[in-house]
Amino acid sequence: MPSVTGYALQLLSLASNNRQIQRHRDICYGEHPRQQMDIYRPQGTGARPVVMFIHGGYWSDGERAEYRFVGNTLAQRGYLAVVISYRLYPEVRFPEFINDAAAALARLRKIAADYGGDPQRIYIGGHSAGAHSALMLALDPQYLRAVGGEPRWIQGVFGLSGPYDFLPPKADKVAAIFGPAERYPQGNTVNFVSPRQPPTLLIHGREDRTVAPRNSQRLAELLRAAGNEVQLLITPGGHASPLLALSGLTRRSSEILPALDNWIAGAVESPQAAATLPDEALGGLD
């Protein structure tokens, strides 16, 4: 699920840089070189809400340093922001990247207070493939249980342009990552909806042809039907648009960051019905 290039992400990070934000780099949550996180700490005192972000990249690309702009922007808004790396395909396949996210969360709960965060108020989210990992971690309790955790560790989960109902896949690469075929149901997030799951915010670009917007619409419908708190925001733009809202270039005018703030603050209004999109807007990775 390609979005924007690493060079473009670096430019976004430069634009969002703020010397008042302390960046704590290369904090390990496992033995593999990619099992590390960077923590972005705003100035001030008091225990702050913690936001852990999982980057995208088709489960095969990406590096947390490229998403420095996400950590900077979230920290500037008063959160203790955490951006993680995780093992990638072809070195690993599903579900190892979700296992890594669970291990990162377990480590974060132990150290959040050391950096001014509140370990009782941790929110997780991601973009594209990272959104899939975040939602799987929040909705399927097996991953947290494997690291000695439980669902209450997650106060809320958000997904930007995420694939949640896409298996069996159309692309050979996705088949290789999530196969064999009998395992496909284990990777479809929509199969793990149940009552009493954490508040969820789903954001998707209306013109996204990489991951069809119906992924977020379908998941929102199922969560709502099960009695869960869910907010669905369909915005103008394509696959990268929700991610670019977390940049120094667009954050002041975007509706996405205020929606994220209100959601974390507990001001989630009753969600509206999912937007109706024309068939031609539902292309790409189903």
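1. Buried means under 20% relative accessible area, exposed means over 50%, and partly exposed lies in between (1.4 Å probe, protein chains only). At 5% relative accessibility, Asn 188 therefore counts as buried. Asn 188 sits in the loop between helix H7 (184-187) and strand E7 (200-205). Helices (H or I, at least four residues) and strands (E, at least two) are DSSP runs, numbered from the N terminus. Not counting residues up to four places away in sequence, Asn 188 touches Met 136, Tyr 164, Asp 165, Phe 166 and Leu 167. Contact here means heavy atoms within 4.5 Å.

2. On the basis of the note: this is a predicted model, where local features need pLDDT of at least 70, side-chain atom pairs count only at pLDDT 80 or more, and totals for chains, interfaces and linings use all residues. Residues are numbered from 1 along each chain as its sequence is written, and side-chain values use heavy atoms, with hydrogens and water left out.

3. Next, the helix pair. The axes of H3 (residues 96-111) and H4 (residues 129-139) come within 9 Å and cross at roughly 65°. That makes H3 roughly perpendicular to H4. Axes are lines fitted to C-alpha atoms, for helices over the stretch in contact, and angles run from 0 to 180 degrees between N-to-C directions. Angles under 35 degrees count as roughly parallel, over 145 as roughly antiparallel, 65 to 115 as roughly perpendicular and the rest as oblique.

4. From H3, Phe 97, Ile 98, Ala 101, Ala 102 and Leu 105 meet His 132, Ser 133, Met 136 and Leu 137 of H4. By class, this contact has 7 nonpolar, 2 polar and no charged residues.

5. The largest nonpolar core has 57 residues. Such a core is a set of buried Ala, Val, Leu, Ile, Met, Phe, Trp, Tyr and Cys residues joined through side-chain atoms within 4.5 Å. H3 gives the largest share of this core, 10 residues. Leu 105 is one of the residues with the most contacts inside it. Leaving aside neighbours within four places in sequence, the contacts of Leu 105 include Met 52, Ile 124 and Trp 153.

6. A second, separate core of 27 residues includes Ala 259 and Ile 264. Both residues are buried in H10. Helix H10 (residues 256-264) is mostly covered, with 7 of its 9 residues buried. Gly 266 follows H10 and has a positive phi, near 90°.

7. Leu 222 lies in helix H8 (residues 214-225). At 23% relative accessibility, Leu 222 counts as partly exposed.

Notes
Nonpolar A, V, L, I, M, F, W, Y, C, P; charged D, E, K, R; others polar.
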